[in-house]
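Colleague: Could we go through a few side chains together? I'd like to hear about the aromatic residues and their surroundings.

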Amino acid sequence: MADLISDGNTKVAWASSVANVQSPTAAELTAALDWTTRITPDGLKTDPTTADVDTSSLASTFETKVPGRKSYSAEITCKRGSTPADDQPYATLTYGTTGYLIVRRGLPFQTAFGTGQQVEVYPVACGEPQNIAPTANEILKFQVPLKVISDPATRAIVA
């Protein structure tokens, strides 16, 4: 089978600083907070949107477009924890906090960050965290909207 599954093959970390988003160092990423096991299975969202630029003219009989500005809608949903270590995302991701959401796909999450790996680096500021309403037979969760504050590097290579 040639398909790559996502189960267990996504790693998500939070870094307070990254010198170069296009080429973060393995040391910077190793020092980042690995929150992979605190994020719910459906709790990672980094959706791009590309605006249309209309290139039609008065003489056009067909609407033509080219890609315009891009933006991202990002958020994470995390499990609350009963210890300070397990509740670190909740304690860290407060309104206005800035940092870097690091996402690596296609390798087992236990694999350490290493030189040559492809990662996504999103410079973000946290919106207001939302506690998700409790329901029977579920853990406590919270969701944080992440505002992408400068160009992300969605195909960065670890230096």
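**Aromatic pairs and a lysine**

Modeller: Tyr 90 counts as partly exposed, because its relative accessibility is 30%, where buried means under 20% relative accessible area, exposed over 50% and partly exposed in between, with a 1.4 Å probe and protein chains only. This is a predicted model, in which local features need pLDDT of at least 70 and side-chain atom pairs count only at pLDDT 80 or more, while totals for chains, interfaces and linings use all residues. Residues are numbered from 1 along each chain as its sequence is written, and side-chain values use heavy atoms, with hydrogens and water left out.

Colleague: Which charged end sits over the ring of Tyr 90?

Modeller: That of Arg 80, 3.4 Å from the ring centre; the criterion is NZ of Lys or CZ of Arg within 6 Å of the ring centre and within 35 degrees of the ring normal.

Colleague: Switching topic, is Lys 11 buried or exposed?

Modeller: Lys 11 is buried, because its relative accessible area is 7%. Its side chain makes a polar contact with the side chain of Asp 34 at 3.0 Å (a pair of N or O atoms within 3.5 Å; within protein, one must be able to donate a hydrogen and the other to accept it, and residues adjacent in sequence count only if both atoms are side-chain atoms).

Colleague: And which backbone oxygen lies 2.9 Å from a polar atom of that Lys 11 side chain?

Modeller: The backbone oxygen of Phe 109.

Colleague: Back to burial: what is the relative accessible area of Phe 142?

Modeller: Phe 142 has a value of 0%, so Phe 142 is buried. Trp 14 and Trp 35 are both buried as well.
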